[in-house]
Amino acid sequence: MPFDQPATERRALITGATAGIGAEFARQLAADGWHLVLVARDAARLTESAAELTSRHGREVETISADLSTDEGCTEVERRLAGGSPVGLVVNNAGVSLNTPFLTSSPEDEARLLRLNVHAVMRLTLAAVQSMVERRSGAVINVSSVSGFGPVMPGSTYPASKAWVTSFSESIGLSTRDFGVRVMALCPGYTRTEYHDRAGIDTSKTPGWMWLRADEVVTGALRDLRKGKLVSVPVWKYKLMVAGLRHAPRRLVEAFSQDTRGRVSPEQR
């Protein structure tokens with residue numbers, strides 16, 4: 001495992017690294033002695049984040065400006081995973097949600113969601129584990145969501161994409177662990193970041209008790225990765241929610257599906 005390597009040799013690649021959960025992974029790993037490769041679309045924010053992390057923690061920080069919803073962006077990150085200093089931990093955090101019901105969405109927007117939330121995760125996981133298996137060491141964290149365990153956002157395709165991420169990560173994790181490589185799905189609930197604002201999602205009706213902090217999500221994820229878990233659901237209240245989504249009658253789950261971002265009324269049609 002990369003956590004067992006000397007601090008001077010540990011290097012992590014994080015996508016969606018300039019905000020929210022991705023930025024918190026960068027902060028915690030740098031503080032723990034990891035060198036970093038940060039991936040995001042905004043080159044200016046990447047440069048700013050790298051400078052801050054290097055100044056505060058004295059770690060080497062590389063940056064890759066890439067749009068992972070494109071083949072070109074994925075290819076650029078794949079090249080870095082195949083060459084240069086070995087990457088011991090990959091955090092696939094970049095993702096998107098649409099503030100648009102499926103009934104009024106467009107094929108272009110839905111395809112972009114799938115390319116970022118599913119296709120990019122598949123490609124970068126494959127690129128990472130192929131070299132990690134050869135070294136018999138490494139780990140991948142794929143950021144999924146509690147929403148992937150049930151239809152909690154009727155009319156939204158975001159949970160479906162995250163259901164794929166969770167199932168995919170579990171399956172690949174089972175196949176790589178005999179080679180010393182761990183793959184884990186991280187499934188947080190509502191987390192206070194700029195993610196919802198950037199997507200234009202109204203969160204005013206979400207109860208305060210449902211919100212998590214990015215630091216507790218990341219701390220829990222790294223703890224569960226060390227334990228060898230295939231799926232990490234940080235914080236007890238979301239563990240209970242996942243148990244309900246997995247085992248409660250579907251009609252009961254549907255009755256309590258309160259996230260309305262994917263709903264559209266007949267009047268709107």
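A crossing counts as right-handed if the near helix is turned clockwise from the far one by less than a right angle, and as left-handed if anticlockwise. I wrote that down before opening the file, which is a predicted model.

**Entry 1: α3 against α4**

I looked up helix α3 (residues 71–82) and helix α4 (residues 107–135) and got an angle of about 20°, with the axes 9 Å apart. Angles under 35 degrees count as roughly parallel, so that is what I call α3 and α4. As for the hand, the crossing of this pair is right-handed.

On the α3 side they are D71, C74, T75, V77, E78 and L81. From α4 I noted R115, H119, A120, R123, L124, A127, A128 and S131. Sorted by class, this contact has seven nonpolar, three polar and four charged residues.

**Entry 2: α4 against α5**

Then I turned to the pairing of α4 with helix α5 (residues 158–176). Their axes come within 9 Å and cross at roughly 10°, so α4 is roughly parallel to α5 as well.

Here α4 puts in L113, N117, V118, V121, M122, T125 and V129. Across from them I listed Y158, S161, K162, W164, V165, F168 and T176 of α5. My class tally for α4 with α5 is nine nonpolar, four polar and one charged.

**Entry 3: cavities**

How many cavities of 30 Å³ or more does a search of the whole structure find? I got one. The largest cavity holds about 30 Å³ of space.

I checked what lines it: T15, L68, N92, N93, A94, A120, V121 and L124. Helix α4 gives the largest share of that lining, with three residues.

**Entry 4: past the end of α4**

Last, I looked at the loop between α4 and β5 (138–143), where R136 lies. Its phi is near 60°, a positive value in a residue other than glycine. I flagged it because most residues other than glycine have a negative phi.

Note on methods. Residues are numbered from 1 along each chain as its sequence is written. This is a predicted model: local features need pLDDT of at least 70, side-chain atom pairs count only at pLDDT 80 or more; totals for chains, interfaces and linings use all residues. Side-chain values use heavy atoms; hydrogens and water are left out. Axes are lines fitted to C-alpha atoms, for helices over the stretch in contact, and angles run from 0 to 180 degrees between N-to-C directions. Helices (H or I, at least four residues) and strands (E, at least two) are DSSP runs, numbered from the N terminus. Angles under 35 degrees count as roughly parallel, over 145 as roughly antiparallel, 65 to 115 as roughly perpendicular and the rest as oblique. Contact means heavy atoms within 4.5 Å. Ala, Val, Leu, Ile, Met, Phe, Trp, Tyr, Cys and Pro count as nonpolar, Asp, Glu, Lys and Arg as charged, and the others, Gly among them, as polar. On a 1 Å grid over the protein atoms alone, a cavity is a set of points where a 1.4 Å probe fits but cannot get out, and a pocket is an open set with protein on both sides within 12 Å along at least five of seven lines; lining residues have an atom within 4 Å of a point. Grid points are joined across faces, edges and corners, and a volume is the space filled by probe spheres set on the points.
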